[in-house]
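Where would you begin looking?

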Amino acid sequence: MAGSDARTGTPPSTRRQALVDAFRYRRQALTERLPELPGVAYVFLLPFFVLFAVFLLFPILYTIYLSFFTFQGVGGTTVFAIDLGFFYFPVQTISNLEFVGLRNYERLLTDRQFHNAMYNTVFILLFQVPLMITIALGLAVALDASFVRLRGLWRTTLALPISANLVAYATVFVLLMQEQGLVNYALGLVGIGPIPWFTSEFWSRFTIVGAVTWRWTGYNMIILLAGLQNVPQQLYEAAEIDGANRLEKFRYVTLPQLRPVLLFVAVTSTIGTFKLFSEPLIVSDAGAPLSATRTIVQYIYETAFIDFRLGYASALTWVLIAIVSALSVFQIKALGGDDGA
Amino acid sequence: MREAQREFAWKVLTYAVLLVATLVTIVPLYWILVAMTLPESAFLSTATEPRLLPGGHFAENFAALQGRVDVAILGVERVLGFELGFLGAIGNSILIATVYTSLSILLCSMAGFAFAKYEFEFKEPIFYSILATLVLPIQLLVIPLFLLMSRLGMTNTYWAIILPWAANPLGIFLMRQNMKSIPDALLESARMDGATEFQVFYRVALPTMKSSLAALSIILFLFQWNLFLFPLVILGQDKYTIPVAISDLIGAQRVYYDQIMVAAGLSIVPIFLLFLFLQKYFVSGILAGSVKE
Amino acid sequence: MTGERGSHDRRTVLKGLGVGGAAALAGCITGGRDDTTDGGDVGMADGVTAWSWDVAAESLDLTDEPYEEANGGSVTVEQFGRADMKDKYKSQLLAGEGAPAIATMESVDAAAWVDTNGLRDISGWIDDAGIKDGFVAGKWGPLEKDGGTYALPWDIGPVGTFYRKDVLESNEIDLTTVETWDQFIEEGKKLPDDQYMINLPSNDYDGLWRMLYRMLGGQPFAEDGAVAFDNDESVAVARTLKRVRDAGIANDVASWSSAWFNAFKEGSIASLNGGAWMEGTLKAELGGTAGKWRVMKPPAFSKGGPRATNWGGSNLVIADQVSDAKAQRAFDYMQFTLASKEQQLKMYQEYGIFPAYEPAYQSEAFDEGHDFLGGQGAGRLFADIAPEIPPYRYTVDTPEVTKAINENFSSMMAGDVSPSEAVSQAAQDVADRTGRDIA
């Protein structure tokens, strides 16, 4: 495939530039200027706003509020009430709270376990997300190839892991990966191992990476595949007329056209991995050292549900939201390109 | 000739990639299926002596599961005159996820369309705020949300887990990204023909999005299918969904592995059927014919 | 039997009157509880719900019908997974709504749960009923706070060392003469390389540490709340665990995993320290090994040293959010089932739930041989241990101790730090994380 430039005889850089220009022009033609119709967009967004206001606004505001307090126990007083006659909603403190200002946020700065959980999460993220997206993209492209038969069967099988029940999958996964398990047996046949997948600080993180990748790759593949199928066919035809080979078609047609969907996958996978909870729990139940595998949401859960430090857990959550949102905006700006948001 | 060889090599590579990925995917799932049919003691020793073939213990395991779990669904069990056991949980999961998906698919594509195809004020801040709610860990929301549902009289109702995320940020984001590829010329020509904005959305934009909508329905269905903590807190045992019903089999002194495996194996079936059903919507090049340049 | 029932009825009536008065008074102060169903009237609700998990729930099921026959109120037992029940209950406890009248609470969680103020103070009712002295003394500590008592004790877990007699015998090991960890380790070395004497998983160092530290009378926190486990006893335990690891007699299979069960099934791990309730678990999961097991007191640190400690144990609590009528019904049932020789014996015989209610130990049932243990009379062994178990101070920060021990002992096992450094660092970590002093 590397020899293709030589084959056509054109200097590679000029020809590539021509391809890039051609496709960029077509792309812009597709999304030039959006109409500004007063109010219409808001009508389309209305159902979201209504549901959000009714169901999520209060819980969200409550956690913000809570993050400036220390939880002192159940049994609260009414702070204020929403009274609509037919609907009375007293907003209680729910609990006895002591106002501590920014102290919860200050504490974050010196909390070693928080830093450790953040480090673990980012470590897992840096390996897991690129690995998963690469595999998912590869599989999607392979499945999109016109000659592939039984496409539905491949796709269904590859996407099944996400529907497997977590408890059962955890049980089987631990059986497979344990010291004398099937995975180490297979590795043993080629002279590797046995690898302490759970008990070693180093490996246990990769065990999580592997588990998450197993579970979510097919899911992302489906999304990418749907995106691939929205790529207008005539762009490929045009590229073929311009003499593009497979790799060039992928690079100059598929990738740019897929960019919005790839961006979706990248952003949601990043957020998903930041919210990683079940897999680290499974791995630590299977014997992994907590200091190596505890993730940020696992730490938030422990803080809220085991230690009952609801205020501190809320502060942790808002810092997490700030960090991840900033990262998502960055991803969208950086990868979204000219038609960003 | 070299071209043909290259083409052949490419095919081999493609199939090899698919085959390896499928094998890696299938082994743990296959193990669940085998474990469904083994007595608990045999399953426990699969650690050292892998069993590749199913045993004959499925009926016993299933009976044990039915004896332990009893979930009702919309009074169907009363009509039928017998208890549904774990099948009730499967029914609840399907019911909730289906209603949720149908509702959410509309709301998400509407919102996604607004973000992709209109200019309006505060577009960016609104979008990023919606995206930020995606980061919220449910672990922290569960207590205030429970309290809210209790005030709204919605505890132990299906609506309590359908409505809060009916406008799913994930879905809105996906549709925003996909709908960007709809050619504006297409929408503009519909407007010229006198279509209302909702018609533009419903009659023109949506039909070009079949494979994205199929992907969206999978995302939404699975989102609801896998919800755990909130259904646990808000639903009574008679309305349990699959993840909660299975998790209940992990006790303090006993873990009912045989029953867990049967339950997990059975709950793969509906998803398999869903994928098959959505099959026909994953068709290549929907947009191809509709672009008029 | 009938006499007991009769007196019980009378007590109930008296208690009902007393509590009715107290509730009316409380109503004046707090401005009324959500109590509209019975209008704050004297009397008990007809039915209450109780939450529990697997074996515990099944043993509550043994006593709900007898209760209904004797006292007229119905108790609906709902069975959950353990983690599920805790998450569900804690959410509803913290939200102040939705919790059932009765729930199961493990002693290890007690301090944190009590600290939420979501549980009802039942000290008045316990005093009225005069049942406090019937329970093992060491059980009450974590259930109390500022003069209030927030739970009624249910079972305890006096620890025994369960072992596979057949496996050990075929390697010419006899544990009946073993009294100390030194001897235990020496005997363990006789096993072949692929067999282990004990399991010591890295996610459960704290469990073993707590068990043995308590055996030596150690306390994790001092009375004034200071972190109190940086001491010789604690280091002795750490050193012993390290020696067990270094001697190569310990495997590290994650507790409660299927591999763990399988190891005991095959005998590749030959012994297991567990509460008395462990026998029921082993019997249920590994029925095929019946008769091959025996149990002994856990090894001491020195000849003649203490060998009594505890692992596990639960209590029943009443949520503060339920109406007085329901709370009364709940307590009435709890008293009927927990402070009763007869009902506790039923649970012990059927499910191996080891009572915290001492009068039950007088029963001959505790002298019976257990088939699973080859006819050994384990009941008496545990009943002898029970009163000697030292008290242990659980606090809201117990989870921090768990984390700190696990993390620092991992470094110790890897050889990075010495046992005394690991213990000091763990104490320091707990102090840092909780703002407590070190005693």
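Let us start with the nonpolar core. The largest one holds 340 residues, and the members that touch the most others are A:Leu224, B:Ala111, C:Ile102 and C:Ile318. Helix H5(B) supplies the largest share of this core, with 16 residues. Please keep in mind throughout that this is a predicted model.

**Chain A**

Leaving aside residues up to four places away in sequence, A:Leu224 touches A:Ala136, A:Leu137, A:Ala140, A:Leu258, A:Val261 and A:Val265.

Chain A itself contains 15 helices and 4 strands. Of its 341 residues, 48% are buried. Among the contacts in chain A with a separation of 6 or more, 69% are between residues 24 or more positions apart.

What does helix H11 of chain A span between its end C-alpha atoms? Helix H11 covers residues 246-274 of chain A, and its end C-alpha atoms span only 35 Å, whereas a straight helix of 29 residues would span 42 Å at 1.5 Å a residue. Have a look at A:Arg259, where H11(A) bends by about 60 degrees. A proline, A:Pro260, follows within four residues.

**Where chains A and B meet**

The contact between these two chains draws 90 residues from chain B and 92 residues from chain A. On the chain B side, the helices that each supply at least two residues include H5 (86-117), H6 (123-133), H7 (138-151) and H12 (210-226). H1(B) gives the most to this side, with 12 residues. Sorted by class, the side of chain B that touches chain A has 65 nonpolar, 17 polar and 8 charged residues.

**Where chains A and C meet**

Chain C also touches chain A, with 24 residues of chain C in contact with 22 residues of chain A. Helices H3 (82-95), H4, H10 (258-266) and H15 (398-413) of chain C each bring at least two residues to the chain C side. That side has 8 nonpolar, 10 polar and 6 charged residues.

**Domains within chains B and C**

Chain B is split into domain 1 (1-68) and domain 2 (69-290), and chain C into domain 1 (2-156 + 312-362) and domain 2 (159-309 + 380-434).

| Domain pair | Distance between C-alpha centres |
|---|---|
| Domain 1 and domain 2 of chain B | 28 Å |
| Domain 1 and domain 2 of chain C | 32 Å |

In chain B, 14 residues of domain 1 are in contact with 12 residues of domain 2. Helices H1, H2 (40-44) and H3 (58-68) of chain B each provide at least two residues of the domain 1 side. Which of the helices gives the most to that side? H3(B) does, with 6 residues. The domain 1 side in chain B divides into 10 nonpolar, 2 polar and 2 charged residues.

In chain C, the contact between the domains takes 19 residues from domain 1 and 18 residues from domain 2. Helix H4 (residues 107-115) of chain C makes the largest contribution to the domain 1 side, 6 residues. By class, the domain 1 side in chain C has 12 nonpolar, 5 polar and 2 charged residues.

Technical notes:
Residues numbered from 1 in each chain as written. Chains lettered and ligands numbered in written order. Predicted model: local features only at pLDDT ≥ 70, side-chain atom pairs only at ≥ 80, totals over all residues. Contact = placed C-beta atoms within 7 Å. Nonpolar A, V, L, I, M, F, W, Y, C, P; charged D, E, K, R; others polar. Domains from an automatic or database assignment. Buried ≥ 20, exposed ≤ 12 C-beta atoms within 10 Å, placed from the backbone. Core = buried A, V, L, I, M, F, W, Y, C linked by C-beta atoms within 7 Å. Expected span 1.5 Å × (residues − 1). Bend = angle between axes of the 7 residues up to and from the residue.
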